[in-house]
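Student: I have the sequence and the model open. Could we go through some of its details one by one?

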Amino acid sequence: MQAPTFFLRLRAALLGLLLATALPVLAAPVLPADPDNGVDFRVISFHDVRPNVRASFETSPDETAIDERTLAEVFAWLRHSGYHPVSLQQIIDARNGGKPLPSQPVLLTFDDGYRSAYTHVFPLLQRFNYPALFALVTSWLEVPEGQPVHWGDKPAPRENFLLWREAAEMARSPLVEFASHTDAMHTGIQANPQGNMLPAAATHRYDPATGRYEDDAAYLRRIETDLRRSRELIEKRTGAKVRATVWPYGAYNTPALEASARVGMPITFTLDDGANTKEIPLNRIRRALAAYDNEAPDYVQMLRSPVGGEVRPINRVMHVDLDYVYDADPAQQERNLSALIERVAAVRPRSVFLQAYADPDGDGVADALYFPNRHLPMRADLFARAAWQLRSRTGVKVYAWMPVTAYRLPASNPLATHTVRTLTGDAPADRYHRLSPFDPAVRTLVGDLYEDLGRHTFFEGLLFHDDAMLSDDEDASPAALDTYRRWGLPADVAALRADPALMARWTTAKTRHLIEFTHELAARVGTWRPALETARNLYARPVLEPAAEQWFAQNYEASLAAYDYVGLMAMPRMEQEARTPADSDAWLGRLAQRAAATPHGLDRTVFELQARDWRTGKPVADAELTRQWTLLQRAGVRHLGYYPDDFLNNQPSLETVRRAISVRSLLSRAPRRNHNAATLPPEGGKPR
């Protein structure tokens, strides 16, 4: 089968994603087996099965097709290694308190409805007596024999896909269960004005004729109609009962899960990685993706990949201002975006922290946003395009970098004056302009912004801005004073500051309040973008001096527990005591020692160096950055980044950044491991 031409463009990004997720095993090369508790299980996602896959890869570069001989070897390896393929019904029974699953249980799934499911897979299942679940794209199977199937950006022969009579024969076997892989959502739809094509099941369609996005009601009608048709077709054509949806590209959201349940398919399968422990509901079953070049022994990595474990993937980060990309001239803006993509591809970090808000005056406050939203001006509908281009063309994880409270609302908004206040009642000019995080209406408004971000854009992480802070004379706004009263504290900032015991309680409560607010925001965006990684920028002083928590309402240990990563502002030129090179090095050394002495500190802290001296406006010299990165790595620091990346002026220089931030050298030493992220579609064409 000839794959669509866009796969050639995507090949490098796919390989990068597969390799990038091998990084956790650098720290833990021997992965333990899952506990045999009779409930937990693993799932493998297969696609097409073909003869001589490797030999034909250049002419048909489909990353997820595997060789027929390899599949037979994998089946034999599973048996030899003590794995027990189980059915979906066995899993349901075990979850409901019935017969426990056997040791090392694994569910085998085959997506898309290729004819190889009948010609190659079905005979092997019968030979090994293995059950499996097959996910069918019903619109492809509805195409009459002899007519082409609309498979991506070119037609595919109908004979490459199952015939309904073959599916009906398979359905009569107790080894086979069918699931919906949607009717016509195994494709991309236009997701923004620039024409990016994103997964149809998890994207609000953009209509270029009207310049509008699909609203939630229209989106849900489209999803529900498609899923209902798919289920009804499979049941009508095969006689099988269908109770599960397998999301194309693993792209899903909470409303889509609810729509699937409403049409009678409460069980759904994602491509989130890791074990399906008892905490993972059956409407979000995780699967590991099999790739064309996995040999049978490689599957041990898939079947033992850690999830939410103690060791985080090594994170190398480029922190990017989208303000550098924006231009009033659309043609120049596209050139700027191309320059960013080329630089990220050349550096090859794991992640890009990408600004989602507009801050043209550089005061750290969002004056507008780069995505459609309910409350602030949209400077340009740019974040969705930039994030997707970076994601699909360079293979990085994109974190949306957003303020927590630093928003400048239009004067017409009644909440514009609901700001953080000092004990004297003013908003000091030398600090961020911030809305009060104690005001329920403000929290709802900011949550709306995060929800709109998730609704209209694709990304894989959230970075909370360093504006999530409160000093020892803040917040004295009316909403804050009401909150202190509910906490059992005096509604008087001066009284709180005057009593050391009250001051300590107040400080801890404010720190907790800000963390809880960021969790609320993550939950709001998570409705549309589940399974996000989270990071939060922290100042260095409360890390070096725990007593300084009272001046920031930031606590290092609490933040390590609350987020996947702490983005530590390891920026010596911002510190009074670190003005000379020797002082800077000593200061960074102390910061690294503090992280090393803190449980999970080195494992969860990204040390972000400054690439620009904001006192002088000049870039930090490459030699200085290189010296600092070397110092940190020798101190055991695992996660490195820098801000800002001036990709338009090659600052820092490409070679300097590549040596410190690229994950290539790490990947060359790491074993291969599969990952779900490789399955999302790039520009146009047929996503897998």
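Student: Which side chain does the side chain of Arg-287 join in a polar contact of 2.9 Å?
Tutor: This is a predicted model, in which local features need pLDDT of at least 70, side-chain atom pairs count only at pLDDT 80 or more, and totals for chains, interfaces and linings use all residues. Residues are numbered from 1 along each chain as its sequence is written, and side-chain values use heavy atoms, with hydrogens and water left out. A polar contact is a pair of N or O atoms within 3.5 Å; within protein, one must be able to donate a hydrogen and the other to accept it, and residues adjacent in sequence count only if both atoms are side-chain atoms. At 2.9 Å, the partner of Arg-287 is the side chain of Asp-111.

Student: Is Arg-287 buried or exposed?
Tutor: Arg-287 sits in the loop between β15 (267-269) and β16 (288-289), where strands (E, at least two residues) and helices (H or I, at least four) are DSSP runs numbered from the N terminus. A polar atom of its side chain lies 3.0 Å from the backbone oxygen of Thr-270. Buried means under 20% relative accessible area, exposed over 50%, and partly exposed in between (1.4 Å probe, protein chains only). Arg-287 has a relative accessible area of 1%, so the answer is buried.

Student: Which residue is 63 residues from Phe-464 in sequence and 6.1 Å away, C-alpha to C-alpha?
Tutor: Phe-464 belongs to strand β22 (residues 461-464) and is buried, at 0% relative accessibility. Leaving out residues up to four places away in sequence, Phe-464 touches residues including Met-402, Val-404, Tyr-450 and Tyr-563; contact means heavy atoms within 4.5 Å. The residue at 6.1 Å, C-alpha to C-alpha, is Trp-401.

Student: Are α20 and α22 roughly parallel or roughly antiparallel?
Tutor: Axes are lines fitted to C-alpha atoms, for helices over the stretch in contact, and angles run from 0 to 180 degrees between N-to-C directions. Angles under 35 degrees count as roughly parallel, over 145 as roughly antiparallel, 65 to 115 as roughly perpendicular and the rest as oblique. Helix α20 (residues 581-597) packs on helix α22 (residues 622-634) at about 30°, with the axes 10 Å apart. The two helices are therefore roughly parallel.

Student: Which residues of α23 does α22 meet?
Tutor: The axes of α22 and helix α23 (residues 654-661) come within 10 Å and cross at roughly 5°. On the α22 side, the residues in contact are Asp-622, Thr-626 and Trp-629. On the α23 side they are Thr-656, Arg-659, Ala-660 and Ile-661.

Student: What is the omega of the cis peptide bond from Gln-651 to Pro-652?
Tutor: Pro-652 is in the loop between β28 (639-643) and α23. The bond from Gln-651 to Pro-652 is cis, with omega near -10°.

Student: Is Asn-129 buried or exposed?
Tutor: Asn-129 lies in the loop between α5 and β6, and its phi is near 60°, a positive value in a residue other than glycine. Its relative accessibility is 56%, so Asn-129 counts as exposed.

Student: What is the phi of Asp-112?
Tutor: Asp-112 lies in strand β5 (residues 105-112) and counts as buried, at 0% relative accessibility. Asp-112 is a residue other than glycine with a positive phi, near 95°.
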